[in-house]
Structure formats: structure tokens, C-alpha cells
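Try each task on your own first, then follow the worked solution step by step.

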Amino acid sequence: MSEILTAGTVAPDFQLPAGLDKKITLSELRGKPIVLAFYPADWSPVCGDQLALYNEILSEFQGHDAQLIGISVDGLWCHAAYAENRNLGFPLLADFEPKGEVSRAYGAYDPKIGWSERALFVIDKDGIIRWSYRSPVGVNPGADGILEALEGLEK
């Protein structure tokens with residue numbers, strides 16, 4: 001298991017599909033905090049609970065002017081169906097092909113299983129990782145660490 005990127009590291013730039021006609025490029029979001037939530041798979045029970053929690057408290061992330069982004073190796077159609085079914089208010093990006101390329105860049109890919117691990121990153125407005133955390137695959141990491149990190153950015 002590789003180490004995830006840590007605080008003080010420049011966040012690797014990427015461009016991933018966020019829908020059939022939309023791509024999100026990390027560097028284009030500079031100027032406000034970004035929360036990257038890597039997760040194993042749409043439709044899995046723990047991921048469902050984790051993403052539902054983030055959706056429920058989305059206004060708290062937005063209160064810190066932060067953009068929340070979910071990333072997994074699932075494809076566009078899977079993300080689209082999942083986001084619609086769960087009524088998600090934040091983008092899910094498809095790290096599908098080359099499989100796990102962005103997850104690997106952040107140290108959040110498990111090549112033995114072939115999916116993104118459950119890893120969180122808070123990136124400041126200048127593109128520097130200020131907080132990161134890897135949770136065991138079967139454990140919902142919650143949002144406390146993310147919110148504390150976002151509060152820390154404001155100090």
C-alpha cells in the first residue's frame with residue numbers, strides 16, 4: 001500500500017470527466033478550497049453512507065467556500081445513475097481510463113483490488129494539500145476531519 005500525499009504537497013493537477021459533455025480540471029478551481037473524496041465504488045454500502053453524509057452537510061462545505069468532489073474508478077454512466085438516484089449536489093469524477101491514474105497520483109489506489117481507496121484531501125486556494133486522511137475501506141471516515149481542516153484554512 002502506497003502512502004497518500006501529505007500536507008504541504010502540491011496537489012497533482014488532473015482533468016477528469018464529470019459527465020458526458022463536462023470535464024473538471026483541478027487547476028481551474030484554484031482560488032477556493034477543494035475537498036477531494038476518493039472512494040471505492042458507487043452503490044457500495046459504506047460509500048453510499050459516506051457520500052450521503054457529505055451531501056447532507058454540503059452547505060457546511062459551501063460555508064467555507066469549498067468545492068466537494070467525489071472520485072472513483074467507476075465509469076460515467078454508473079456515476080450519472082448513482083448521482084441521480086441519490087440526488088447528489090456535487091460532482092462525481094470518473095477515474096476510469098487510464099484506470100485509477102489520478103488515484104495513483106494521490107497514493108490512493110489499491111492495485112490488488114483495482115479501485116480507489118477511501119482517501120480524503122483538503123486543498124487550499126493555492127493548490128497545496130493542507131490535510132489528508134486514508135480510512136480503512138470498510139469504515140466511513142465521516143466529515144469531522146474535513147471540516148476541521150477547512151476551518152484551519154481560515155485561520
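**Exercise 1.** Find the strand that holds Ser 116, decide whether Ser 116 is buried or exposed, and list what Ser 116 is in contact with.

*Solution.* This is a predicted model, so every value below is computed from predicted positions.
- Step 1: Ser 116 belongs to strand E7, which covers residues 115–116.
- Step 2: The relative accessibility of Ser 116 is 0%. Buried means under 20%, so Ser 116 counts as buried.
- Step 3: Look for a partner of the side chain. The side chains of Ser 116 and Ser 103 are joined by a polar contact of 2.6 Å.
- Step 4: Now set aside neighbours within four places in sequence. Ser 116 is then in contact with Phe 38, Tyr 39, Pro 40, Ile 71, Ser 72, Val 73, Ser 103, Ala 108 and Tyr 109.

**Exercise 2.** Describe the largest nonpolar core and say which element supplies its largest share.

*Solution.* 
- Step 1: Count the members. The largest nonpolar core has 23 residues, and those with the most contacts inside it are Tyr 54, Phe 61, Leu 68, Phe 90, Leu 92 and Ile 146.
- Step 2: Trace where they come from. At least two residues of this core are supplied by each of strand E3 (34–38), helix H1 (45–56), helix H2 (58–63), helix H3 (76–86), strand E8 (118–123) and helix H5 (144–153).
- Step 3: H5 gives the largest share of this core, four residues.
- Step 4: Another core lies apart from this one; it has 20 residues, including Ile 4, Ala 11, Ile 24 and Val 102.

**Exercise 3.** Take a closer look at Ile 146: is it buried or exposed, and which residues does it touch?

*Solution.* 
- Step 1: Ile 146 is found in helix H5.
- Step 2: Its relative accessible area is 1%, so Ile 146 is buried.
- Step 3: Not counting residues up to four places away in sequence, Ile 146 touches Val 35, Tyr 54, Phe 61, Leu 120, Val 122 and Trp 131.
- Step 4: Compare sequence with space. Ile 146 and Cys 47 are 99 residues apart in sequence, and their C-alpha atoms are 16 Å apart.

**Exercise 4.** Asp 65 and Asn 87 each have a positive phi; find the value, the loop and the accessibility of each.

*Solution.* 
- Step 1: For Asp 65, phi is near 60°, a positive value in a residue other than glycine.
- Step 2: Asp 65 lies in the loop between H2 and strand E4 (67–72). With a relative accessible area of 45%, Asp 65 is partly exposed.
- Step 3: For Asn 87, which is not a glycine either, phi is positive at about 55°.
- Step 4: Asn 87 lies in the loop between H3 and E5. Its relative accessible area is 62%, so Asn 87 is exposed.

**Exercise 5.** How many cavities of 30 Å³ or more does the structure hold, and which residues line the largest cavity?

*Solution.* 
- Step 1: The structure holds one cavity of 30 Å³ or more.
- Step 2: About 40 Å³ of space lies in the largest cavity.
- Step 3: Its lining is made up of Leu 26, Leu 29, Arg 30, Ile 34, Ile 123, Asp 124, Lys 125 and Gly 127.
- Step 4: Sort the lining by class. It has four nonpolar, one polar and three charged residues.

Methods
Residues are numbered from 1 along each chain as its sequence is written. This is a predicted model: local features need pLDDT of at least 70, side-chain atom pairs count only at pLDDT 80 or more; totals for chains, interfaces and linings use all residues. Side-chain values use heavy atoms; hydrogens and water are left out. On a 1 Å grid over the protein atoms alone, a cavity is a set of points where a 1.4 Å probe fits but cannot get out, and a pocket is an open set with protein on both sides within 12 Å along at least five of seven lines; lining residues have an atom within 4 Å of a point. Grid points are joined across faces, edges and corners, and a volume is the space filled by probe spheres set on the points. Ala, Val, Leu, Ile, Met, Phe, Trp, Tyr, Cys and Pro count as nonpolar, Asp, Glu, Lys and Arg as charged, and the others, Gly among them, as polar. A nonpolar core is a set of buried Ala, Val, Leu, Ile, Met, Phe, Trp, Tyr and Cys residues joined through side-chain atoms within 4.5 Å. Buried means under 20% relative accessible area, exposed over 50%, partly exposed in between (1.4 Å probe, protein chains only). Contact means heavy atoms within 4.5 Å. A polar contact is a pair of N or O atoms within 3.5 Å; within protein, one must be able to donate a hydrogen and the other to accept it, and residues adjacent in sequence count only if both atoms are side-chain atoms.
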